[in-house]
Amino acid sequence: MKTFQSLNPYTEEIFGSYPAMEEAALQKQLQDMLAAQKAWRQVSVRTRLAFLPKLAALLQANADDLALLASKEMGKLLSHAKAEVLKSATLCNYYFAEAETLLQDKNKVLENGTNIRLQYQPLGIVLGIFPWNFPFWQVLRSAIPTIVSGNAMLVKPAPNVPQSSLALQAILEQCGLPKYLFQTSFLSEAQIAQLIAEPSIAAVTLTGSEKAGAAVASLAAAHTKPAVLELGGSDPLLVMPDADIEKHIDQMVFSRFQNNGQSCVAAKRFLVHASIYEKFSELLIQKVSALRLGNPLENGTDIGPQARKDLRDTLAAQVNETIAAGATILYQQKNIPATGYFYPPTILTNIPVGSRAFEEELFGPVVSLYTFESTQEAINLANASKYGLGASIYTEDKALANQVANVLDSGMVYINQIVKSDVRIPFGGIKHSGFGRELGPEGLYAFCQVKAVWGG
């Protein structure tokens, strides 16, 4: 059976190991969840919301402990991990304020006088498959609206963050949510495939790699079950000739290097107009060279290790093969810690079409730097990726920014700011970045059946 293991990517030491769930226990868990969900769907939305204020308070009260676990398990900077926990509490506040109104029946009257009542009814148990890079936020941003809308959620966390996952489960058990509506299970890939086929699983959501998403989507479709997929990204950041680069350079660098470069919505491709390319590249080198690598638990560290050795090695292979194809290293830090799964902050230029950096997502502290001569060339280059999660445009010309935003192949476009998730706004991508939306009203409706009652 697959083992879920806590391995500190900074010290390279194992500090916890957990087996996958036994089959009998999993079946018992499903039965308990099914019974709990059937009762839960019958209660009012207002009753369902009652657990959210206490959950928010518990997240805030336990933010330091949760942050420490996440930092130890995946190398996230301690301050970033705490910010993630506190951001998760905002989910509770938003849905507590908005969900009752959003889930109310909606009445429509046709021109012949027929009354139509639209109801938002839950589907059942939703299987959630989640990654390691935001072990609290990514689980809760899906689980909270799913549960509030009357469903139950079975959470399969990433294998390298078991203690963060167990700590989150413990908090959900303290906040007043009825038992079995949120359950964490350490599952093997074979068990996931089996679960998707189970009649008691009504839908599935996954945040993760393109490969995993394709496999899950195929299984869900084979069993005629809805799915929401939030997959990879190779987000473009367009810097137009009039952009105020001195004003925005720090947030641009943060976008790429936050979470040690391991964020799906990081700005991975910097597209810079030729007229300011030299100035921009000099400023970028200055900022990247100042990033400090080290212990993620210590103040003053800007970049921690990659979450796993295989992830670091994959990134190194992508960069090396891109250089072999003709790319140039514009900058790369030389001195990195001897222990830990570190990859040096790197800036690549002259990246050939068809190379790994051009075609793939680089999930780590590497900037892919491109130049363009015209707005249309920038649009073409931005849209050349198979991904379409987010994009940023930096310009003082609002009309131009909106013109470009309208034609970018992306689920989200941000003007003069970095791509980020906001609990009030739908989040998700297109193309190989997935389908469906989380957060906002759309996240609440993601796993609802919209039932039309005629003449009601």
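Visitor: In this predicted model, does Asp32 count as buried or exposed?
Guide: The cut-off for buried is under 20% relative accessible area. Asp32 has 17% relative accessibility, so Asp32 counts as buried.

Visitor: With which residue does Lys28 form a salt bridge?
Guide: Lys28 lies in helix α1, residues 23-40. The closest N and O atoms of the pair are 2.7 Å apart, and the partner is Asp32.

Visitor: What is the relative accessible area of Lys28?
Guide: Partly exposed covers the range between the buried limit of 20% and the exposed limit of 50%. Lys28 is partly exposed, and its relative accessible area is 45%.

Visitor: How many residues apart in sequence are the parts tied together by Lys386 and Glu210?
Guide: The side chains of Lys386 and Glu210 meet in a salt bridge, 3.1 Å from N to O. Lys386 lies in the loop between α14 (375-383) and β15 (387-388), while Glu210 belongs to helix α9 (residues 210-222), so the parts that the pair ties together are apart in sequence by 176 residues.

Visitor: Are Lys386 and Glu210 buried or partly exposed?
Guide: Lys386 has a relative accessibility of 33%. For Glu210 the relative accessible area is 21%. The limit for buried is under 20%, so Lys386 and Glu210 count as partly exposed.

Visitor: Which strand holds Lys431, the salt-bridge partner of Asp409?
Guide: The side chains of Asp409 and Lys431 meet at 3.7 Å, N to O, and the cut-off for a salt bridge is 4 Å. Asp409 lies in the loop between α15 (398-407) and β17 (412-415). The pair ties together parts that are 22 residues apart in sequence, with Lys431 in strand β18.

Visitor: How many salt bridges does the count come to?
Guide: Arg141, Glu230 and Glu438 are linked in a network of salt bridges. The pair of Lys28 and Asp32 is a salt bridge as well. By the rule used here, the count comes to 19.

Visitor: Which side chain of opposite charge is nearest to Asp235?
Guide: Asp235 lies in strand β10, residues 235-239. Asp235 is buried and has no salt bridge. A salt bridge needs a nitrogen to oxygen distance within 4 Å, whereas the nearest side chain of opposite charge is 5.8 Å away and belongs to Lys268.

Visitor: What is the strand order in the open sheet of three strands?
Guide: The edge strands are β3 (106-109) and β20 (448-454), each pairing on one side only. β3 pairs with β4 (residues 115-122) in the antiparallel sense over four bridges. Neighbouring strands of this sheet are turned by 25° against each other on average, direction ignored. The pairing in the sheet is antiparallel and the order is β3-β4-β20.

Visitor: Which residue in β4 is the bridge partner of Lys106?
Guide: Strand β3 covers residues 106-109, and β4 covers residues 115-122. The bridge partner of Lys106 in β4 is Leu118.

Note on methods: Residues numbered from 1 in each chain as written. Predicted model: local features only at pLDDT ≥ 70, side-chain atom pairs only at ≥ 80, totals over all residues. Heavy atoms only, no water. Pairing = 2+ DSSP bridges. Helix = DSSP H or I, 4+ residues; strand = E, 2+ residues; numbered from the N terminus. Axes fitted to C-alpha atoms, helices over the stretch in contact; angles between N-to-C directions. Buried < 20%, exposed > 50% of the residue type's maximum accessible area, 1.4 Å probe, protein only. Lys, Arg positive; Asp, Glu negative; His and termini not counted.
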